[in-house]
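Colleague: I have a structure open and would like to learn how to read it. Please take me through the features one by one.

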Amino acid sequence: MKLYFLLACVFIISIPGGKLVITQNLTMCPKIERGASTEQSNPVRGGIDMDPRLVKMLTKRYSGVKRFPGDIDLSNNYFLPCSAKRFVGASHNLSVDLSELEHCTIVVATALFGAQDPLRPSFSELESVCYVAFVDQCTWQSLPTPSILVRKGCIFMNGWCVVLVTHNEQNLRVASRLYKMLLPALFPASKWSIWCDAKSSISVDPRFVIDTFLTSHNAQVAFPSHAQRFSVYDEQQKVISAKLANKTNVQRQREEYIIEGLPPDSGLVDGQFILRDQSPQALLFSCVWHNEYLRYPPRDQTVFNYAVHILGYRPTMSQSEFQVVKTSPASVRTGLHYFYVDGFGSKIHVFPNCQYTKIVKKYRHMRRHGKCYSHLVGQVGLTECGPLRASQFLP
């Protein structure tokens with residue numbers, strides 16, 4: 001019999017006749033306990049230990065592009081295309097020089113593209129915590145502007161520094177994923193970053209979130225667990241059935257991952273909320289995740305498991321244990337807590353979904369973006385992606 005602790009709660013798995021069954025259900029969400037204070041904590045900033053075979057494989061998979069400052073050096077002149085400068089100033093232009101925000105210890109960021117969501121008020125105004133919203137022209141035109149403060153090119157609304165974006169990407173989801181996945185690379189001077197999708201908002205102090213789910217577990221990255229699914233292949237099937245992506249592309253992705261040995265039941269995260277420090281390990285994960293996403297857009301959750309797998313991370317739960325959880329009551333599924341760990345001490349913390357819903361409010365999109373991109377062509381230098389100024393967007 002194996003005994004598993006999910007923070008403050010317990011469920012028991014026994015093995016009669018070699019089959020796993022749950023004999024006691026998790027009946028309540030684990031209590032959220034605050035960890036070490038961010039004021040005394042510092043992210044791990046050591047180097048990256050990497051198997052030479054992994055270096056060769058990553059280089060082969062993501063090669064063929066020009067080197068930019070900020071790319072991750074591997075060995076023997078090999079590098080990974082991780083620099084945000086490959087996009088910002090090229091296919092994407094911003095109204096704000098992000099170096100103006102280098103005083104921020106914690107960056108809380110979101111992206112509103114396609115006028116799908118309102119800009120909800122930030123939780124608090126602290127000098128060390130900066131709220132940054134990347135917004136396209138279509139969204140900007142939909143936002144109410146009763147009172148606006150412009151400072152250092154940044155438009156402040158509802159406690160957020162609004163960064164206006166032009167880009168030449170026809171898929172708005174793909175355009176927004178640059179800011180989500182490469183967030184640590186966009187703010188290299190910060191210590192921690194929190195990504196919150198536009199259809200949600202943090203309802204607690206961001207410092208508490210970092211303390212509780214990241215630093216207290218000595219993790220470099222943290223996600224909430226997925227509430228319904230625990231397999232990337234189940235997620236791919238859901239994407240196909242809901243027509244969220246091209247069926248042929250998803251099937252090709254599925255076939256490739258099976259051939260390359262990605263286990264069928266290895267957990268699944270909810271990608272709407274991400275915590276990261278500025279360690280090389282977090283930057284490497286973010287880079288590989290984004291590069292793999294560019295190979296198989298537009299759903300980032302269907303590439304997460306492959307990204308961590310090829311980097312050598314393995315879940316602290318077995319496939320058979322995930323299979324049991326899949327058929328368990330909701331109290332067990334939403335209370336699931338585990339890690340992805342590699343052989344060098346790096347950790348990705350996957351915390352209970354029921355705790356995630358206590359610290360983040362989730363909403364439905366107000367509308368779908370429709371033909372927002374075609375509406376913008378020719379406006380504000382979108383087709384040329386020319387320089388932006390905040391004054392261009394003000395009445």
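Colleague: Does His290 count as buried or exposed?

Modeller: Start with the terms: buried means under 20% relative accessible area, exposed over 50%, and partly exposed in between, with a 1.4 Å probe and protein chains only. His290 has 4% relative accessibility, so His290 counts as buried. Before going on, note that this is a predicted model, where local features need pLDDT of at least 70, side-chain atom pairs count only at pLDDT 80 or more, and totals for chains, interfaces and linings use all residues. Residues are numbered from 1 along each chain as its sequence is written, and side-chain values use heavy atoms, with hydrogens and water left out.

Colleague: In which helix does His290 lie, and which residues is His290 in contact with?

Modeller: Helices (H or I, at least four residues) and strands (E, at least two) are DSSP runs, numbered from the N terminus. His290 lies in helix H8. Contact means heavy atoms within 4.5 Å. Leaving aside neighbours within four places in sequence, His290 is in contact with Phe87, Arg177, Leu178, Met181 and Leu182.

Colleague: What does the whole chain look like in those terms?

Modeller: The chain has 13 helices and 19 strands. Of its 395 residues, 56% are buried. Take the contacts with a separation of 6 or more: 73% of them join residues 24 or more positions apart.

Colleague: How many residues does the largest nonpolar core have?

Modeller: A nonpolar core is a set of buried Ala, Val, Leu, Ile, Met, Phe, Trp, Tyr and Cys residues joined through side-chain atoms within 4.5 Å. The largest one here has 71 residues, and Leu80 and Phe134 have the most contacts inside it. H8 supplies the largest share of this core, 7 residues. Apart from this core lies another, of 34 residues, with Val135, Ile155, Met157 and Val209 among them.

Colleague: Which residues is Leu80 in contact with?

Modeller: Leave aside its neighbours within four places in sequence. Leu80 is then in contact with Leu58, Tyr62, Asp71, Ile72, Leu74, Leu284, Cys287 and Val288.

Colleague: Now helix packing. At what angle do H8 and H9 pack?

Modeller: Axes are lines fitted to C-alpha atoms, for helices over the stretch in contact, and angles run from 0 to 180 degrees between N-to-C directions. H8 (residues 280-295) and H9 (residues 301-310) pack at about 130°, with their axes 9 Å apart. Angles under 35 degrees count as roughly parallel, over 145 as roughly antiparallel, 65 to 115 as roughly perpendicular and the rest as oblique. H8 is therefore oblique to H9.

Colleague: Which residues make the contact?

Modeller: H8 brings Phe285, Val288, Trp289, Glu292 and Tyr293, while H9 brings Val303, Phe304, Tyr306, Ala307, Val308 and Ile310. For classes, Ala, Val, Leu, Ile, Met, Phe, Trp, Tyr, Cys and Pro count as nonpolar, Asp, Glu, Lys and Arg as charged, and the others, Gly among them, as polar. The contact of H8 with H9 has 10 nonpolar, no polar and 1 charged residues.

Colleague: And how do H6 and H9 pack?

Modeller: Their angle is about 160°, and the axes are 8 Å apart. That makes H6 roughly antiparallel to H9. Val232, Glu235, Gln236 and Val239 of H6 meet Gln301, Thr302 and Asn305 of H9. By class, this contact divides into 2 nonpolar, 4 polar and 1 charged.

Colleague: How many residues of H9 are buried?

Modeller: The count is 10 of the 10, so H9 is largely enclosed by the rest of the structure. Gln301 lies in this helix. Gln301 is buried, with a relative accessible area of 14%. Not counting residues up to four places away in sequence, Gln301 touches His226, Val232, Glu235, Leu268, Val269, Asp270 and Gly271. The C-alpha atoms of Gln301 and Gln272 are separated by 9.4 Å, and these two are 29 residues apart along the chain. After H9 comes Gly312, with a positive phi near 90°.

Colleague: How many residues of H5 are buried?

Modeller: In H5 (residues 206-213), 7 of the 8 residues are buried, so H5 is largely enclosed by the rest of the structure. The buried ones are Pro206, Phe208, Val209, Ile210, Asp211, Thr212 and Phe213.
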